[in-house]
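Trainee: I am new to this one. Please take me through a single part of it, slowly enough that I can follow along.

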Amino acid sequence: MNKELEKNYDPKQIEGRLYKKWMDNMYFHAEPDPKKKPFTIVIPPPNITGQLHMGHALDNTMQDILIRYKRMQGFNALWQPGTDHASIATEVKIIETLKKEGIDKHDLGRDGFLKRAWEWRAQYGGRIVEQLKKLGSSCDWDRERFTMDEGCNKAVEEVFVNLYKKGLIYKGSRIVNWCPVCKTSISDAEVEYEDQAGHFWHIKYPLIEDDGTVSKTRFLEFATTRPETMLGDTAVAVNPEDDRYKDIVGKFVWLPFVDRKIPIIADPYVEMDFGTGVVKITPAHDPNDFEVGKRHNLPEINILNDDATINENGGKFKGMDRYEARNRIVEELKEMGLLVRIEDYSHNVGTHDRCKTTVEPLIKKQWFVKMDSLIKPAVDAVKNGDIKLIPERLEKTYYNWTDNIKDWCISRQLWWGHRIPAYYCEDCGEIIVEKTENAPTKCPKCGGTHLTQDPDTLDTWFSSALWPFSTLGWPEKTEDLKYFYPTDVLVTGYDIIFFWVIRMIFSGYENMGEKPFNTVLFHGLVRDSQGRKMSKSLGNGIDPLDVIDKYGADALRFTLITGNAPGNDMRFYWERVEASRNFANKVWNASRFIMMNMKQMEEAGLDHKGTDIDLSKLEDADCWILSKLNTCIREVTQNLDSFELGVAAQKINDFIWDDFCDWYIEMVKPRLYGDDAASKVTAMWTLRHVLTDALKLLHPYMPFVTEEIFCTLKEAEGILDSNESIMISEWPVYDEKFAFEKKVSAIEMIKEAVKGIRDVRTSMNVAPGRKAEVFVVSADKAVREIFEENRNFFAVLGYASEVFVQADKTGIAEDAVSAVLPKAVVYIPFAELVDIDKELLRLAKEKNRLTGEIKRCEGMLANSNFISKAPESKINEEKGKLENYKSMMAKVEERISALSK
């Protein structure tokens, strides 16, 4: 036995070496194998701009636990990795880099910019992959994909062309969310709403009299949070049931600044009891107004440029920033007598989740996906249980979005991304949609050759919606696709249920005719210790790599999973990381203890490598731990199959730390150090068997420390194969032959007796090194036999100088203290626990000390000078001390009285 564990567990010394070993041996790689059942997970592709954060660490730890578990169960486990091109985030990064060089992206031109973008991706895009490896992620890196690689691009074009030809993709003018900083449209899911302090500006428009003049006495009053949009008003609306305004419906009001008369219309959209019951209608700048405008054939007047400055439709305000124009308009309305009042108002304002800029709803000609028919299979799949959402409560969130679905705006005004495969004939305006390989050179309508491709790119989520099947080779009918699709489980945060999860589901049904996965396991956010979301602005973010560097990847992984429940946010505490590190140390030290004893047995000529054992030779303690392990295996397996990863982690922790290390190892020490060779061999077989299976249970959570111990143990046993690894070993299974219920009950009784003894000793402040006689009294013969058979370790664990097992209290002193069990009572002679003379001397000293403290406190509180001048808090503090000292004195005197009898 040459190989031994190092004295101290140092993650830095083993993690890099072991990960390289796994990679070199291609343990993560999977190929279609008809003899094995597949289990597939596709990674939520991190952005190439990304830096590993706690959300990534949690998400990927959960996936790795599941994939390692299934791999050990014998499944052909594939964890499909890849990264996302992240259109907006990446383009922003590249533009920032160019600005530092004094270059504008338009100076480079599209091709030059894309060249720089691919160079940027080559330099920085793989950074997060290397960070995921440090976490221990066992992805099949040989299969790594990128949402803009050749295969994914082919899939994107295939889907776009197919949906267009089905009439499910169209180009039209609708209200979109526009980011004035990124200068692109964004989807509803990318808009974050935050509460902002603002105002309601109450404004009045003069009516147009019957003679065509602007009234100086009749007005319609309304309120708005965006006064600048009045430049694009094309109507004011009232409710058709509102008697206050029935006589003026069909008439007109005068619109200041642009000198335009606009109609008064009646529409049920207007709430009669809100404000004045009058609403300004700006179809080009509000989604609700847009729908009203469609119903009434109103013109759509956009008053904003792409950078949110006022355009030529804004008259004299042209060129002003939107907020500058707002202030100027309000000032002039006041001068004109048309500003009624300004009311403070707090309301939700949409901001771009990337750059945090307030978005503008405005009308743009964009590409859209029709969602009303596409979404139906995605709704049915969850309702009929084909796809299971965990936790189930998120179904409500899911349906809330699907039931209120809008057409999806998929075009983005960016250069980095999948370019829309649409071509325009400059001669007749025909739109031709074809894949790049079939790009038209001539207009099929007029025969013209002046064709230009649409400059826009597709929403990033359009390509990632195809991820479960595009990564497996679709649109080609590959063996991978046939074997690994549909995938088994998707692990992701609840915050991207709309961005990604739902889109993958309807894309799977539309393009594959089948669901993309069976289960979606949602996790929450990792918050700081105060429950706050981690962010740069708060400065409370914690870098997972810093945690790994200090405590190791295993400690971070175990911390993120322990106590974690599906869909719930969790708080990050450094103390928990330390506890996880301590757990790894506990496992390491216990393993080292076992291997040291194996070596000593080998030197003594005893068999420590036996691979089988006569179960009839097992002692009660052996049966107990084997049965506890058996139960743990069954429950942990059930928990993992139910995706209760946190519950399973806690059970593994409790079994290894409490049952195995704190109890069983202590129980067998007398046998390991004794002279009974057969008992020693049996104990060692049990230790090795339990340790091996416990390491396997723990491996998905703590892959590095378990691998190092497992392989070292195998080498010590002399059965280490050249490619041995715990990650390809067999997952433990429940075995009825290790269900020793009676033995478990017996040892649990002894444990209760030991706990009772320890409680008594603690309450009496008995020094750990002081041993005492222990009497076990029971009228039940079977109970007495249990204590007789396990006398050796019971004596050690119970700090007993000698153990007496008897049917009654014969020979037990009257002053003996006791611990009561269901079928027995444990007695310890009082004199055995305490040196009465020494204790009386100590108590006398304590009484003198307390007498002095009580006298001091009473003196201060009787001092009128102190009472009149001291702060009330100080007086109360002294009163509290006096009460405490008197209570302590009573206990000391009671103890002295008891010992003096």
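Trainee: Does E878 count as buried or exposed, and at what relative accessibility?

Mentor: E878 counts as buried, at 1% relative accessibility. Buried means under 20% relative accessible area, exposed means over 50%, and partly exposed lies in between, with a 1.4 Å probe and protein chains only. Before we go on, note that this is a predicted model: local features need pLDDT of at least 70, side-chain atom pairs count only at pLDDT 80 or more, and totals for chains, interfaces and linings use all residues. Residues are numbered from 1 along each chain as its sequence is written, and side-chain values use heavy atoms, with hydrogens and water left out.

Now look at the partner. The side chain of E878 meets that of K881 in a salt bridge, at 3.7 Å from N to O. A salt bridge here is a side-chain nitrogen of Lys or Arg within 4 Å of a carboxyl oxygen of Asp or Glu. K881 is partly exposed, at 28% relative accessibility. Both residues sit in helix α28, residues 872-899. They are three residues apart, so about one helical turn separates them. Helices are DSSP runs of H or I with at least four residues, strands are runs of E with at least two, and both are numbered from the N terminus.

The pair does not stand alone. E878 and K881 belong to a network of salt bridges that also links E853, R856, K874 and E877.

R688 and E717 meet in a salt bridge at 2.7 Å, N to O. R688 lies in helix α20 (residues 677-698) and E717 in helix α21, so this pair ties together parts that are 29 residues apart in sequence. R688 is buried, with a relative accessible area of 7%. E717 is buried as well, at 7%.

R17 and E708 form a salt bridge at 3.0 Å, N to O. R17 is in helix α1 (residues 11-24) and E708 in helix α21 (residues 703-717), so the pair joins parts 691 residues apart in sequence. R17 is partly exposed, at 44% relative accessibility. E708 is buried, at 9%.

Step back to the whole. A search of the entire structure finds 60 salt bridges. The protein has 28 helices and 29 strands. Of its 901 residues, 54% count as buried. Its C-alpha trace spans about 120 × 90 × 55 Å along the principal axes.
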